[in-house]
Amino acid sequence: MNIAIVGASGAVGQEFLRVLEGRDFPIDNLLLFGSSRSAGTQYTFRGKEYTVKLLQHNDDFKDVDIAFTSAGAGTAKEFAADITKYGAVMIDNSSAFRMDDDVPLVVPECNAADALNRPRGIIANPNCTTIMMVVALQAIEQLSHIKRVHVASYQAASGAGQAAMDELLEQYRQALAGEEVKVQKFAYQLAFNVIPQIDVFQDNGYTKEEMKMYHETKKIMHSDVLTSATCVRVPSLRSHSEAIWVETEQPVEPADVRQAVAQGNGLVLMDNPAKLEYPMPLFLAGCDPVYVGRIRKDLANPNGIVLWLVSDQIRKGAALNAVQIAEYLIKQGLK
């Protein structure tokens with residue numbers, strides 16, 4: 001199994017290396033690719049040194065079986081033909097192909113089989129906030145069809161990359177030292193603040209991030225579910241959180257939802273208010289599952305359930321989800 005990682009020096013690229021090693025993913029040959037800034041950088045994987053190659057329009061992917069790409073939508077579109085030309089499966093972490101009809105958008109806990117129908121050789125990894133949400137929604141969907149979802153996300157600095165995490169730490173230092181707080185990665189200072197904007201605003205007043213959740217949830221779940229989101233950047237380092245209001249066709253009880261979550265694939269129930277047990281990003285960074293708590297009836301909707309979830313968006317929201325797709329393909333006979 002010959003594996004390539006495009007964008008190997010980025011936060012998600014580095015997480016790919018950790019996830020692949022931690023899951024003992026079958027690799028005979030590993031190729032790392034990056035921009036001119038990262039070309040020549042060396043990384044250790046399973047005790048061996050690998051050098052990042054410059055991504056170019058050539059035949060470097062001729063013998064590659066699976067290429068994990070996390071280098072942005074523009075790069076994905078520019079190099080997709082080179083990556084897939086000789087039969088490599090491209091599992092792309094950008095937004096470039098997510099809503100294309102001939103590109104499956106896959107979360108293995110929900111729609112793994114969609115990955116088998118890939119006319120262009122491309123499988124899209126959904127947006128991180130969508131991934132963690134639909135893993136939880138899938139468990140509830142088994143109880144009663146979901147009609148509507150309202151969600152407020154609380155997204156960590158890591159969603160904007162390592163540089164954003166570094167900036168947040170530096171902003172805290174600057175603020176506490178009484179220095180001028182410098183802002184580069186976000187529209188405003190994030191330290192000691194929350195910013196109700198992630199990505200650019202659309203004509204309807206929603207941001208692009210919020211509209212991703214609207215469209216992607218429908219595609220992944222093969223559903224008419226309507227999703228309305230408010231996405232907020234919060235001053236935590238890593239792992240996103242979401243407060244979710246779910247409306248089902250038939251009333252469902254919190255006890256049944258707790259049982260469905262406890263038995264759900266990729267989920268961990270963490271819901272014991274009496275002992276103040278609920279998911280928090282500070283304690284769940286680096287973990288694989290989606291953690292769910294605060295499950296209760298919606299007081300404003302007889303068919304409503306409210307829940308809170310936390311997941312590491314660099315792992316399950318990006319690298320891990322892509323690797324799980326690849327693992328599924330291998331189980332289905334990809335050679």
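Tutor: Begin with strand 13 and strand 14, which pair in the antiparallel sense over five bridges. Helices (H or I, at least four residues) and strands (E, at least two) are DSSP runs, numbered from the N terminus. Two strands pair if DSSP finds at least two bridges between them. This is a predicted model: local features need pLDDT of at least 70, side-chain atom pairs count only at pLDDT 80 or more, and totals for chains, interfaces and linings use all residues. Residues are numbered from 1 along each chain as its sequence is written, and side-chain values use heavy atoms, with hydrogens and water left out.

Student: What is the bridge partner of lysine 297 in strand 14?

Tutor: Isoleucine 305 is that partner. Strand 13 and strand 14 form a hairpin, with six residues between them.

Student: Why is strand 14 described as largely enclosed?

Tutor: Look at how much of each residue a probe can reach. Buried means under 20% relative accessible area, exposed means over 50%, and partly exposed lies in between (1.4 Å probe, protein chains only). Seven of the eight residues of strand 14 are buried, so the rest of the structure largely encloses this strand.

Student: How many bridges join strand 11 to strand 14?

Tutor: Eight, and these two strands run antiparallel. Serine 241 stands opposite valine 310 in strand 14.

Student: What is the strand order in the open sheet with mixed pairing?

Tutor: The order is 10-9-11-14-13-12, six strands in all. Strand 10 and strand 12 (267-269) stand at the edges. Each has a single partner strand, so one side of each has no neighbour in the sheet. From one strand to the next, the twist averages 25 degrees. For such angles, axes are lines fitted to C-alpha atoms, for helices over the stretch in contact, and angles run from 0 to 180 degrees between N-to-C directions.

Student: Do strand 9 and strand 10 run parallel or antiparallel?

Tutor: Parallel, with eight bridges joining strand 9 (residues 146-155) to strand 10. Serine 153 stands opposite cysteine 231 in strand 10.

Student: Which strands does helix 4 touch?

Tutor: Contact means heavy atoms within 4.5 Å. Helix 4 (residues 128-141) packs on the sheet and touches strands 9, 10, 11, 12, 13 and 14. The direction of helix 4 makes about 40 degrees with that of strand 11.

Student: What is the order of the open sheet with parallel pairing?

Tutor: Six strands form it, in the order 5-2-1-6-7-8. The edge strands are strand 5 (53-54) and strand 8 (122-124), and each pairs on one side only. Helix 1 (residues 11-22) lies across strand 1 (2-6), strand 2 (29-34) and strand 6. Helix 1 runs at about 150 degrees to strand 1.

Student: How many bridges join strand 6 to strand 7?

Tutor: Four, and the two strands run parallel. Alanine 67 has methionine 90 as its bridge partner in strand 7. Threonine 69 has aspartate 92 as its bridge partner there. Both faces of strand 7 (residues 89-92) are covered. Val89 and Ile91 on one side, and Met90 and Asp92 on the other, are all buried.

Student: Is threonine 69 buried or exposed?

Tutor: Buried, with a relative accessible area of 2%. Threonine 69 sits in strand 6 (residues 66-69). Leaving aside neighbours within four places in sequence, its contacts are Val6, Ile83, Met90, Ile91, Asp92 and Asn93.

Student: What does a positive phi tell me?

Tutor: Most residues other than glycine have a negative phi. Aspartate 199 has a positive one, near 75 degrees. Aspartate 199 is in the loop between helix 5 (162-176) and helix 6 (208-221), and is partly exposed at 34% relative accessible area. Serine 239 also has a positive phi, near 90 degrees. Serine 239 is in the loop between strand 10 (226-233) and strand 11 (240-248). Serine 239 counts as buried, at 0% relative accessibility.

Student: Where does tyrosine 278 lie?

Tutor: In the loop between strand 12 and helix 8 (281-284). Tyrosine 278 is partly exposed, with a relative accessible area of 31%.
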